[in-house]
Amino acid sequence: MKNMFLLPVACLLLCAGCADKAPDYTREQWLKGSTRTYRNVSAEQALHAAQRIFTAAGGDEVKLIPAPGHLKVMRRVTSFSSAVDYHWDILCGEAPEGVTVSAEIRTASHRIFTAPTGPQPYQSLSVVDLFFKRLSYLLKQSGTWPTCGEYARNNPDASSLDALCLSASDDMPK
C-alpha cells in the first residue's frame, strides 16, 4: 500500500525536472523582442486592439484592467490538477509618428500537492512575437492573422506559446 502512494509522488517529482528550460536572453535581446513601434497609431488604439486579442483567445478566465497607457491582463488556464495564471502587462508610450508598445509576462501556478508559485518572469520571445503579429493585424499593419499552429510550424525555434495559445481560441476577433 505504501508503494502505491510513493509511485505517483515519485513520478511527479521526476516530471518536474523534465520541463523545458527557458532560454536566457540578454537585456538587449529582450528589449528588442518585447517592444514594437507602430506608425500612425495612438496608444488608445493599440491598447484596444490588445484587449481584443485576449478577449478572443479566452481561457478559463480572462480579467482585463485598463489604465491610461497601460493594460493588465490575467489569463487563467486550468487543467485537472493545476491552474496557471498568465499575467500580461502591455505598456504604451508615445513615439514620433506613432506609439511604442511593450509586453511583459509573468506566470503563477497553483497545483495539487504543492504550494503555489508566485509570479515568475515568463521568458518566451516567441509568444511575445505572436502577440505583436496579431496586434499588427488588428492595427491594419499586416494582412495576416497568425494562428498558434501556423506560428509554431513557421518558427521551429518557437519556445513556449502557452501564455497565449494554451486552451485558447485561434479565431480572429470580430
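## Elements and fold order

Helices (H or I, at least four residues) and strands (E, at least two) are DSSP runs, numbered from the N terminus. In this predicted model, the elements run α-α-β-α-β-β-β-β-β-α-α-α from the N terminus on. That gives 6 helices and 6 strands.

Residues are numbered from 1 along each chain as its sequence is written, and side-chain values use heavy atoms, with hydrogens and water left out. Local features need pLDDT of at least 70, side-chain atom pairs count only at pLDDT 80 or more, and totals for chains, interfaces and linings use all residues.

## Confidence

pLDDT is the predictor's confidence in each residue, from 0 to 100. The protein has a mean pLDDT of 81, and 78% of its residues reach 70 or more. Among the elements, strand β1 (residues 35-39) has the highest mean, 96. Helix α1 (residues 2-16) has the lowest, 39. Over residues 3-20 the pLDDT is below 50. Beyond near neighbours in sequence, that stretch has 1 contact (heavy atoms within 4.5 Å) in the model. Where pLDDT is low, the predicted coordinates should not be read in detail.

## Core

Of the 174 residues, 36% are buried (under 20% relative accessible area; exposed is over 50%, partly exposed in between; 1.4 Å probe, protein chains only). A nonpolar core is a set of buried Ala, Val, Leu, Ile, Met, Phe, Trp, Tyr and Cys residues joined through side-chain atoms within 4.5 Å. The largest one has 40 residues. Those with the most contacts inside it include Trp88, Ile90, Val101 and Phe131. Elements giving two or more residues to this core include α3 (43-57), β4 (82-95), β5 (98-111) and α4 (125-138).

Phe131 touches Ala50, Ile53, Phe54, Trp88, Ile90, Ala103 and Leu164, leaving aside neighbours within four places in sequence.

## Packing of α3 and α4

The axes of α3 and α4 come within 9 Å and cross at roughly 120°. Axes are lines fitted to C-alpha atoms, for helices over the stretch in contact, and angles run from 0 to 180 degrees between N-to-C directions. The two helices are therefore oblique to each other (under 35 degrees is roughly parallel, over 145 roughly antiparallel, 65 to 115 roughly perpendicular, the rest oblique).

On the α3 side, Ala46, Ala49, Ala50, Arg52, Ile53 and Phe54 take part. They meet Phe131, Arg134, Leu135 and Leu138 in α4.

## Valine 84

Valine 84 lies in strand β4. Its relative accessibility is 14%, so valine 84 counts as buried. Its C-alpha atom is 5.8 Å from that of alanine 108, 24 residues apart along the chain. Leaving aside neighbours within four places in sequence, valine 84 contacts Arg75, Arg76, Val77, Thr107, Ala108 and Ser109.
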